[in-house]
Amino acid sequence: MGDMLTLRQLFLANNAQTTSFPLLLEFERAEGVHLYDLAGKAYIDLISGIGVSSLGHGNQKIIDAIKTQVDKYMHLMVYGEYVQTPQVRFAEKLLSTLPHNMQSVYFVNSGAEAVEGALKLAKRYTGRQQIIACKNSYHGSTHGALSVMGNEDFKQAYRPLLPGVSFIRFNKTEDLQLITENTACIIIETIQGEAGIRVPDHLYMQALRKRCNETGTLLILDEIQAAMGRTGKLFAFEHYGIAPDILLLAKALGGGMPVGAFVSSNQIMDSLKENPILGHITTFGGHPVCCAAGLAALEVLLDENLIAAVAEKEALMRSLLIHPAIKQIRGKGLMLAIELDSFDINKKIIDRCIANGVITDWFLHCDNSMRIAPPLIITPDEIKKACFVIIEAISFYC
Ligand code: PLP
């Protein structure tokens, strides 16, 4: 107990804090859908470390791939110079799952870096400067990513940000007219995550693709949260019968290791090569251990056919999450939001869920809604258990 307090105190004293009220949960190990605290108590992970641990914790095939690669080599050289087997094999496998216009993968370290790379690429390729993004969007926390964030509260302290960024409403077809021949790109989450899981209409996504084609604007789909099977398809854009010009991936892409990617056609990606050369530079991007983990994760996801059961698991969740205090359940697949009355009540319910062994939280831009994004391997029994705890907590307060 003494050790635990000391570690917590050290964490608060020595590790940079980004809020005055961190969760301060402390876990010893994690396995499958469970995290285990120091007393050995199991918690069902309903948020997957914010959309990362889609295959659960401690997947043996991912661990084996990491160990095998660590024994061969770790960092050898900055991105893009040496031929490194894990990067090559991972890109090959990833591209085999994507539409034919997706021909070239640039591996980076994180979601935000994928966003930075994509915005730069769109400016380079089109020679245009104007960028369009959506209200309530979240694309990361670096300067470029903040510039396209659709929430003034989080960005106003950092101005000046990128010039030439305008915002349209998500899922409002009439706003697409703001995309013009001057627009380099529109960056949009296929399904908005931190806005509280907002699913666009099929017709809107079709109109978005059409408007980009008409104006020569690059469509950047941010699937950093929504891809890798989370919504019941490998990529969320597959629900809409469209394809992006640049696709952004991260989070679950690395099977628990840090890797992101921006993916595009050879023609577009080639604009990073000249005038000037080295259009995006990253030391650790595409780290061989992370790529080995990512490749193993993608193989597990596909070979074990985990995506096929996602819609059924969503249906089970929706059938169990019924209570008069639930105003709405939004989302697709295992990317869901339970809307409650207010942040105040949501926070109390979340705290009670955690105390009772179910980990959930709220959204950056939507604090009256509870996040449901468990590992895709969650079983029907685990879903029932988690939903029971949520409904009990809601009933306790409402
Ligand atoms: N884009 C989306 C849709 C996200 O949800 C996130 C992170 O939550 C990011 C980008 C940024 O990713 P990272 O935190 O890896 O920089």
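Two rings of Phe, Tyr or Trp count as a pair if their centres lie within 6.5 Å, and such a pair is edge-to-face if the planes are over 60 degrees apart. With that in hand, welcome to a few close-ups of this predicted model.

View A. The structure holds 8 aromatic pairs. Phe27 is partly exposed because its relative accessibility is 29%, while Tyr43, at 8%, counts as buried.

**View B. Phe396 pairs with Tyr397.** Their ring centres are 4.9 Å apart and their planes stand at 85 degrees, so this pair is edge-to-face. Phe396 has 49% relative accessibility and counts as partly exposed; Tyr397 is partly exposed too, at 33%. Look also for Arg352: its charged end sits over the ring of Phe396, 3.6 Å from the ring centre.

**View C. Arg29 meets Tyr36.** Here the charged end of Arg29 sits over the Tyr36 ring, 4.0 Å from its centre.

**View D. Three rings form a cluster.** Tyr79, Tyr106 and Phe262 are linked by ring pairs.

**View E. Leu76, Met77 and Tyr82 make a nonpolar surface patch.** The patch covers about 260 Å². One of its members, Met77, lies in the loop between helix H3 (60–72) and helix H4 (85–96). Met77 counts as partly exposed, with 31% relative accessibility.

Terms used:
Residues numbered from 1 in each chain as written. Predicted model: local features only at pLDDT ≥ 70, side-chain atom pairs only at ≥ 80, totals over all residues. Heavy atoms only, no water. Patch = residues over 30% accessible without salt bridge, like charges linked within 9 Å, V, L, I, M, F, W, Y side chains within 5 Å. Areas by Shrake-Rupley, 256 points an atom, 1.4 Å probe, with all protein chains shown as cover. Salt bridge = Lys/Arg side-chain N within 4 Å of Asp/Glu carboxyl O. Helix = DSSP H or I, 4+ residues; strand = E, 2+ residues; numbered from the N terminus. Buried < 20%, exposed > 50% of the residue type's maximum accessible area, 1.4 Å probe, protein only. Phe/Tyr/Trp six-rings, centres within 6.5 Å; stacked < 30°, edge-to-face > 60°. Lys NZ or Arg CZ within 6 Å of the ring centre and 35° of its normal.
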